[in-house]
Amino acid sequence: MLLEAIIVCVSIVVGAIAYSKCLLCHIKYFYLGAAYHFHDVLNARYNKIDLPSKPDKVAIVTGGSRGIGAEVVKKLLQCDMEVIIACRTISAGEKLILEIRKSGITSGRAKVYKLDNSSLESVRGFAKQIKADYDQIHILINNAGIMFPRAYKNTEDGYEEQWAVNYLSHFLLTSLLLPLLNAGGRPGECSRIVNVTSCAHDLGTIDYDYIINCSKETFCTHASYGQSKLAQTTSTIILQRLLKDKSLNVLVYSVHPGVVRTDLFNEYALLGNNKWLMTMWKTPDRGATPIIYAAMSKDVERKGGICISNCKELAVPPLALKEEIQERLLELSLKQAHLKDLFQYL
């Protein structure tokens with residue numbers, strides 16, 4: 001009886017600590033959202049880009065069937081590109097193409113490929129199919145993501161869902177497609193990788209014990225999301241350094257699209273049930289603009305590794321610049337993605 005009582009007490013204490021941490025994260029996110037909404041308003045005049053004709057280019061957009069991803073697809077088609085919509089549900093991608101065509105956009109070529117970012121097997125299968133169908137890729141936009149799921153979920157590979165979908169799957173996909181990206185780049189006009197991150201990276205930490213041992217008991221949805229986004233931003237810096245060391249014609253950027261009203265917030269109870277609170281936020285179209293800027297603008301041709309928001313460079317969190325964190329993140333990511341090194345497929 002005594003042992004059982006001790007176990008119950010310890011469980012209550014651990015649960016209370018976890019709850020208080022999540023509550024604190026919750027409060028921090030509200031503050032962060034307000035601050036970056038103000039940033040969007042102040043910098044709205046910079047958030048624009050021309051859409052040049054690029055009929056010989058091929059682009060991939062993960063999570064391209066909805067939200068910001070759908071707007072990115074639309075803009076790339078307006079540039080007369082061939083655009084690959086990588087999404088979980090083929091019919092959703094096909095529906096988007098019909099809607100875009102009905103809107104009057106007839107330029108470009110669009111295709112839909114199945115990709116489930118919660119499965120590393122699916123990532124490998126997608127990359128294998130792309131390699132069979134293409135010998136060059138010019139733009140890879142790692143956009144697919146989930147945010148603030150209410151319940152803890154493990155992927156089939158054994159990783160917390162936000163970590164796997166937002167970060168690890170894209171880390172693996174980038175490595176698998178580097179041969180095609182390298183083939184598509186040339187001096188003065190490099191291929192580009194765009195990691196769609198978030199201002200949430202400011203609140204993220206890279207807690208290796210949490211990443212490896214996260215469970216239903218220790219899960220904090222806000223902390224997990226910030227961690228996945230900090231990992232995206234950090235890996236952008238790591239990859240650009242390694243690409244430069246190998247003199248490859250590939251550039252990589254991270255982009256905070258802004259505080260955008262999309263269905264990603266459906267899981268966030270307060271906002272999902274009170275959509276009027278989001279009326280002043282960026283539209284998905286405006287959120288897609290800095291992503292297109294990172295993917296195409298000549299202004300950043302020699303500035304790989306930076307973070308962009310509202311078509312301007314954005315300071316990255318200090319943690320993303322720490323070499324120790326970069327090295328440990330790279331080591332862990334390679335291990336989890338079952339890679340020997342980032343360039344093993346080149």
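Helices (H or I, at least four residues) and strands (E, at least two) are DSSP runs, numbered from the N terminus. This is a predicted model, in which local features need pLDDT of at least 70, side-chain atom pairs count only at pLDDT 80 or more, and totals for chains, interfaces and linings use all residues. Residues are numbered from 1 along each chain as its sequence is written, and side-chain values use heavy atoms, with hydrogens and water left out.

Q: How many salt bridges does the count come to?
A: A salt bridge is a side-chain nitrogen of Lys or Arg within 4 Å of a carboxyl oxygen of Asp or Glu. By this rule, the count comes to 10.

Q: Is Glu 71, the salt-bridge partner of Lys 74, buried or exposed?
A: The side chains of Lys 74 and Glu 71 form a salt bridge at 3.7 Å, N to O. Both lie in helix 2 (residues 67-78), 3 residues apart, so about one helical turn separates them. Buried means under 20% relative accessible area, exposed over 50%, and partly exposed in between (1.4 Å probe, protein chains only). Lys 74, at 25%, is partly exposed, whereas Glu 71, at 17%, is buried.

Q: How many residues apart are Lys 111 and Glu 82?
A: Lys 111 and Glu 82 form a salt bridge whose closest N and O atoms are 3.3 Å apart. This pair links distant parts of the chain, with Lys 111 in strand 3 (residues 109-114) and Glu 82 in strand 2 (residues 82-87).

Q: Which residues are joined with Arg 186 into one network?
A: Arg 186 forms a salt bridge with Glu 189, with the closest N and O atoms 2.5 Å apart. Salt bridges that share partners join Arg 186 into one network with Lys 54, Lys 57 and Glu 189.
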